[in-house]
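Subject: Structure handover

Hello,

Here is the structure for you to look through. My notes are below it.

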Amino acid sequence: MMKVRYATEADYEQMQVIDKSITKSEFKRWADNAQVLFIYENDDFAGWLQYSYFLEKTPFVNRFYILPEFRGLGDGKLTLLIWQRQMEERFFDEVMLSCEAENSKAQKLYESIGYKKIGELELADHTEFVYKKVLPKPDIDYFLFVLRFVKIAVKRFVRVINHFDFTIKLNNLLLILSVLLPFWQVIAIGVTALNKVYPVVLHFV
């Protein structure tokens, strides 16, 4: 049975099975921002997906790899569908990815789940085909929507508290405040998405 979960910093060594070029600090940054999915088949590590944001606004799959012994089981397709659903629930309008021009199997997979080729990227040693898919608007209950963003905010707050050293000096409090800033960014994202999906005006007392 296939399972997909977000990677953590502790998964760095496992990822090295696939790509040894990734630095530990780079992987930690992705993991801290929930930008890495690990794929398992019957509890065995089967592959991974890593994404970032094209022009800082569109989710773009940078790395997507299934180990050879687990190919043909449908894990790649299901992982993409799970990732897409997550992006839908975060109110993104579209997602993007690319693959080598010679990788016809990947192209067939992407096109089978609704991706459209929008261009080509000429790199030093090969050509990449770029694909895009427009996502449907999520059918999400208002209450569940609010709960989702509250959950994200609480997790971030707990992460900060767990790393808080109560013996620090006062001048180090500025560092703590800089870590807490993303908490308010979560609230801002929630308000923006809410106004996008629901035609309401929010008033703060």
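First, a caution. This is a predicted model.

**Salt bridges**

The structure holds eight salt bridges. Three of them are described here, starting with Asp11 and Arg5.

The side chains of Asp11 and Arg5 form a salt bridge, at 2.8 Å from N to O. Asp11 has a relative accessible area of 10%, so it is buried. Arg5 is partly exposed, because its relative accessibility is 31%.

Next, helix 3. Here the side chains of Arg85 and Glu89 meet in a salt bridge, 3.2 Å from N to O. The two residues are four apart in helix 3, so about one helical turn separates them. Arg85 is partly exposed, at 38% relative accessible area. Glu89 counts as buried, at 18% relative accessibility. The cut-off for buried is under 20%.

Now to Asp75. It lies in helix 3, which spans residues 75–89. Which side chain of opposite charge is nearest to Asp75? The nearest is Arg71, and it is 10 Å away. A salt bridge has to fall within 4 Å. Asp75 is buried, yet it has no salt bridge.

What does Asp75 contact, leaving aside its neighbours within four places in sequence? Asp75 is in contact with Met2, Ile39, Glu41, Ala46 and Phe70.

**A nonpolar patch**

Helix 3 is also the place of Leu78. Leu78 has 39% relative accessibility, so it counts as partly exposed. Together, Leu78, Leu81 and Ile82 make a nonpolar surface patch of about 210 Å².

**Lys3 in strand 1**

Lys3 is found in strand 1, residues 2–6. Its relative accessibility is 39%, so Lys3 counts as partly exposed. The side chains of Lys3 and Asp43 are joined by a polar contact of 2.7 Å. Neighbours within four places in sequence aside, Lys3 is in contact with Phe38, Ile39, Tyr40 and Asp43. Ile39 is also one of the contacts of Asp75.

Lys3 and Asp44 are 41 residues apart along the chain, and their C-alpha atoms are separated by 9.6 Å.

**Thr58 in strand 4**

Last, Thr58. This residue lies in strand 4, residues 58–66. Is Thr58 buried or exposed? Thr58 counts as buried, because its relative accessibility is 5%. Not counting residues up to four places away in sequence, Thr58 touches Ser52, Tyr53, Glu94, Val95 and Met96.

Best wishes

Technical notes
Residues numbered from 1 in each chain as written. Predicted model: local features only at pLDDT ≥ 70, side-chain atom pairs only at ≥ 80, totals over all residues. Heavy atoms only, no water. Buried < 20%, exposed > 50% of the residue type's maximum accessible area, 1.4 Å probe, protein only. Lys, Arg positive; Asp, Glu negative; His and termini not counted. Contact = heavy atoms within 4.5 Å. Patch = residues over 30% accessible without salt bridge, like charges linked within 9 Å, V, L, I, M, F, W, Y side chains within 5 Å. Areas by Shrake-Rupley, 256 points an atom, 1.4 Å probe, with all protein chains shown as cover. Polar contact = N/O pair within 3.5 Å; in protein donor to acceptor, adjacent residues only side chain to side chain.
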